[in-house]
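Q: Could we go through this model together? Please start with one residue and its surroundings.

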Amino acid sequence: MINTESKPGDVFAGSTKKMSWERIAAFSGGPFNTPGWPRKNIHTDLDAAKASGLDTICVSSTQYLGHLAELMIELFGASWLSHGTTSNLKFIHPVAENDTLQTKARIVDMAADGSCSMEIWCENQEGTQVMVGEARGRITGRSGRPA
């Protein structure tokens with residue numbers, strides 16, 4: 001968790017997650033009990049992906065954006081939900097089935113009021129960034145309120 005001892009340049013990493021077929025289908029396939037599940041789209045169907053110009057199915061970017069939110073909540077606690085923001089998000093590299101992803105954040109600035117600005121990104125098992133952006137959060141006191 002980020003605290004008053006944290007400083008610009010500190011890097012934090014979330015847990016790694018393998019983008020298995022099961023994870024992809026559960027996220028992008030639609031309701032489980034729908035006839036014909038999973039729904040055919042670029043995330044779940046190779047033919048649909050190829051028809052869109054892709055070599056293979058790709059993981060929905062909103063899926064690993066959720067992994068980023070998980071890291072921010074780990075770093076800032078529940079205050080992230082009311083005080084945290086992301087901006088300038090860019091999805092810069094496709095994510096394929098069986099890629100392993102990890103979210104990361106680097107402190108850029110710590111203000112006296114407890115606000116913290118960060119560079120954020122998600123990278124695959126080769127260290128290639130697949131998403132980049134910025135985030136702001138607030139360091140909280142023991143009460144869960146901003147310090």
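This is a predicted model: local features need pLDDT of at least 70, side-chain atom pairs count only at pLDDT 80 or more; totals for chains, interfaces and linings use all residues.

Q: Which residues touch the most other members of the largest nonpolar core?
A: They are I2, Y64, M72, L75, F76 and M118, in a core of 26 residues. A nonpolar core is a set of buried Ala, Val, Leu, Ile, Met, Phe, Trp, Tyr and Cys residues joined through side-chain atoms within 4.5 Å. Buried means under 20% relative accessible area, exposed over 50%, and partly exposed in between, with a 1.4 Å probe and protein chains only.

Q: And which element gives the largest share of this core?
A: That is α3, with 6 residues. Helices (H or I, at least four residues) and strands (E, at least two) are DSSP runs, numbered from the N terminus.

Q: Changing topic, how many disulfides are there?
A: The count is 0, a disulfide being a pair of cysteine sulfur atoms within 2.5 Å. For C116, the nearest cysteine sulfur is that of C122, 19 Å away. C116 is buried, with a relative accessible area of 0%.

Q: What about C122?
A: C122 is in no disulfide either; the sulfur of C58, the nearest, is 14 Å away.

Q: Where does pLDDT stay under 50?
A: Over residues 142-147; pLDDT is the predictor's confidence in each residue, from 0 to 100. The protein's mean pLDDT is 91, and 95% of its residues reach 70 or more.

How values were computed. Residues are numbered from 1 along each chain as its sequence is written. Side-chain values use heavy atoms; hydrogens and water are left out. Contact means heavy atoms within 4.5 Å.
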